[in-house]
Amino acid sequence: MNTSSTLPSRIYPIVDHPRWVERLGGAGARFIQLRLKDLSAEDLRAQAEEGLTLAARHNVTLVLNDYWELALELGYPWVHLGQEDLDTADLDAIRAANIAFGLSTHSYPELERALACKPDYVALGPIWETKLKKMAFGPQGVAKLTEWRKLCDKTPLVAIGGITLERMPQCLQAGAHSVSAVSNFIRHDEPETQVQRWLKVADEAL
């Protein structure tokens, strides 16, 4: 299947601190999501600002998870929203600021809702079981990516959940434009080398 990506990269690390933007960006990652949790308002803003500074230094397209109002204020190029965020997010304001946005999906009703918002990508997960956070949905499986790819038509598709270097090629071959992971990068003994491995294997997979 042809999955020539309209996203900044076929690999999409998710990180929990701006230091990873520097480490992974310096190793060649060009599309990174900054997912900041359980911080004070002051620390949240400081880390979001630091992330942008480091992203500019390393030519990274940085995505801020959840905090769309802060993304607007700081001038982020991308924001990622969950289904619950759609209840309160001002998508018109996000679009007016030329901020691209991606949406999480786990079921057919969520996909239908997401596509109606005309996002810049749709994420499907978890593809495999993940222990990183408690999920209301079980593993989707690789075959679901092929189905989602058809339903999404021209909207780019991101695979996430339980994905490792060894599993990543299956996701790309099934139809994902980009493949996302957390643990396989930031919990790896050699995260910079892992980025380079992912980039190499992603190119070989297609």
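**Exercise 1.** What is the handedness of the crossing of helix 5 and helix 6?

*Solution.* Keep in mind that we're working on a predicted model. Start with the geometry: the axes of helix 5 (residues 108-116) and helix 6 (residues 142-152) cross at roughly 30° and come within 11 Å. The crossing turns out to be right-handed. Next, look at who does the touching: helix 5 brings Tyr108, Leu111 and Leu115, while helix 6 brings Lys144, Glu147, Trp148, Leu151 and Cys152. Sort those by class and you get six nonpolar, two charged and no polar residues.

**Exercise 2.** Find the salt-bridge partner of Asp203, then work out which parts of the chain the pair ties together.

*Solution.* The partner is Arg10, with the closest N and O atoms 3.4 Å apart. That passes, because the cut-off is 4 Å. Now place the two residues: Asp203 sits in helix 9 (residues 191-205) and Arg10 in the segment before strand 1 (11-15), so the bridge ties together parts 193 residues apart in sequence. As for accessibility, Asp203 is exposed at 54%, whereas Arg10 is partly exposed at 26%.

**Exercise 3.** Trace the salt bridges that Glu22 and Arg23 make.

*Solution.* Take Glu22: its side chain meets that of Arg57 at 3.1 Å, N to O. This pair links helix 1 (residues 19-26) to helix 2 (residues 41-57), 35 residues apart. Then take Arg23, which pairs with Glu192 at 2.7 Å between the closest N and O atoms. Here helix 1 is linked to helix 9, across 169 residues. Both Arg23, at 34%, and Glu192, at 27%, are partly exposed.

Terms used. Residues are numbered from 1 along each chain as its sequence is written. This is a predicted model: local features need pLDDT of at least 70, side-chain atom pairs count only at pLDDT 80 or more; totals for chains, interfaces and linings use all residues. Side-chain values use heavy atoms; hydrogens and water are left out. Axes are lines fitted to C-alpha atoms, for helices over the stretch in contact, and angles run from 0 to 180 degrees between N-to-C directions. Helices (H or I, at least four residues) and strands (E, at least two) are DSSP runs, numbered from the N terminus. A crossing is left-handed if the near helix is turned anticlockwise from the far one by less than a right angle, and right-handed if clockwise. Contact means heavy atoms within 4.5 Å. Ala, Val, Leu, Ile, Met, Phe, Trp, Tyr, Cys and Pro count as nonpolar, Asp, Glu, Lys and Arg as charged, and the others, Gly among them, as polar. Buried means under 20% relative accessible area, exposed over 50%, partly exposed in between (1.4 Å probe, protein chains only).
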